[in-house]
Amino acid sequence: MSGLDAGSPLVLEVGLGLLMLIVFLVGLFMPSEDKRRVGVLAAVGLVVLSALSWRAEAGGELFHGTFVQDELALFAKRLFLLATLIGVLASLPLRAVTFARRATEYYVAILASLLGMLVLGSARDLLLLFVAFELMSIPLYYLAGFLKREPEAVEAALKFFLIGTVSSAVLAYGLSFMYGMAGTTDVRGVARALAAGHPMMLLGMLLALGGLGFKIAAFPFHMWVPDTYEAASTPFVAWLSVAPKAAGFVVIFRLYLEGMGDRVLFWVPAAAGLATVTIIGGNLMALPQRNVKRLLAYSGVAHIGYMLVGFAAVSADGVAMMLFYLVAYLFGNMGAFLVVEAVSQAEGSEAVSAYRGLAQRSPVLALSMLLFLLSLGGIPFVAGFWAKLYVFWAAAEQGLYWLVLVGALLTVVALFYYLLIARSMYIDAPERRDPIPVAPLLSFCIFLCVLGVVLIGVFPRPLVGAALRAAAPLF
């Protein structure tokens, strides 16, 4: 590599660093009290970076192989950039005066967290993984409490911070065992050391898996999720529900699957057990919820369990279908949260009752929400149907029929609470007849998510092919 061109492994990270600096300086010297326009600058920069990510080619390495740009890294980075772009666009119509005044801080923090994710996608070194994880996580604690005048936001941010720091400590403790037994921070060296089967290495990897469980919000490490989702601003929550969790899964792929050979089968019981309790716990805790953001929070925990079904398959097909699931989940879950934002702005409520008669008041908004709920529920033929079908298929190929049965049964349970919202929209009588106003940018983001859910549902093959190419080098 003779320079930082469009094909360089570091071009996205350097470009994002420059974008952060530009957003910071423009916001710093902007005379107006309303600084939301820096969000437009951030969105334009993210569009440029997304275009660059499609020009990038796999195969580059830097720093003696500790930073790699393979197909998995490129797939993950494109997902991170897309999710962040939707989250930034959806935040631009936020009305709060405090947000308008402090918008520069908001967007710089989001871009800083995104930078950590991009580095995570390429990291193949234990130290780099941990530093990138913290770069991703620390801005999230701040953003969760961004509405600092509201006591609920402060409480949720504090819970998120305390649990996040404990998880970071557990992760660091596990990585220290792995380094001690492997004698190197190179992830490939860890894979070789695992072949010896030393108990301390296995302990370190189990501790690290526990720390990562907090990051991806797997049960029983999910306790920060409902309060944080309920109290934080909804466009931020839409992004938080997808991008950081995808980054956590990429790290799991690197640490537990890449180069493991036959030893990879060691993780089948642990992954299958974690997937089972996460699916059951998430779905059962969602049943009594009447606040839509809390319902989607517990639903998100359950979806992490479905993704872990693909991890339990410990195969290229299983990883590929997890990647497919992440993209389908991005459109379905972010879209649902953005509809929640539109309704809560108009009604001042996030309760299921706020959706009464939505189909009569705003039929397009109700249809969008219905599509997102059908996708999350796994109903044919939208994106979520193929996502669940493919992860179950990958698990069945490895003989995990009992895990597929658990997942299928709990999918029926999930339909109950999704259809509660659908019933409220389409059967219950509205309390008012006036249509719900939706900001043009928010409408555009909802439309993008609807487009993603429908197109992937109708034409899943291109995304399946891309996911298979991304997963192939791991095995």
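This is a predicted model: local features need pLDDT of at least 70, side-chain atom pairs count only at pLDDT 80 or more; totals for chains, interfaces and linings use all residues.
Trainee: What makes the pair of Y306 and F392 edge-to-face?

Mentor: The ring centres are 6.1 Å apart, with the planes at 70°.

Trainee: Which term applies to F392, buried or exposed?

Mentor: Buried, because its relative accessible area of 12% falls under 20%.

Trainee: How do you know that K388 sits over the ring of Y306?

Mentor: K388 lies over the face of Y306, 4.4 Å from the ring centre; the distance limit is within 6 Å. Likewise, the charged end of R78 is 4.2 Å from the centre of the W54 ring and sits over that ring.

Trainee: How many aromatic pairs are there by this rule?

Mentor: The count comes to 17 aromatic pairs. One of them joins Y229 and F337, at 5.8 Å centre to centre with 80° between the planes, and is edge-to-face.

Trainee: Why does the pair of Y229 and F337 tie together parts that are apart in sequence?

Mentor: Y229 lies in helix α10 (residues 225-231) and F337 in helix α15 (residues 316-347), so the pair ties together parts 108 residues apart in sequence. Both residues, Y229 and F337, are buried. They also belong to one aromatic cluster with Y141, F160, F161 and W224.

Note on methods
Residues are numbered from 1 along each chain as its sequence is written. Side-chain values use heavy atoms; hydrogens and water are left out. Rings of Phe, Tyr and Trp (its six-membered ring) pair if their centres lie within 6.5 Å; planes under 30 degrees apart count as stacked, over 60 as edge-to-face and the rest as tilted. Helices (H or I, at least four residues) and strands (E, at least two) are DSSP runs, numbered from the N terminus. Buried means under 20% relative accessible area, exposed over 50%, partly exposed in between (1.4 Å probe, protein chains only). A charge sits over a ring if NZ of Lys or CZ of Arg is within 6 Å of the ring centre and within 35 degrees of the ring normal.
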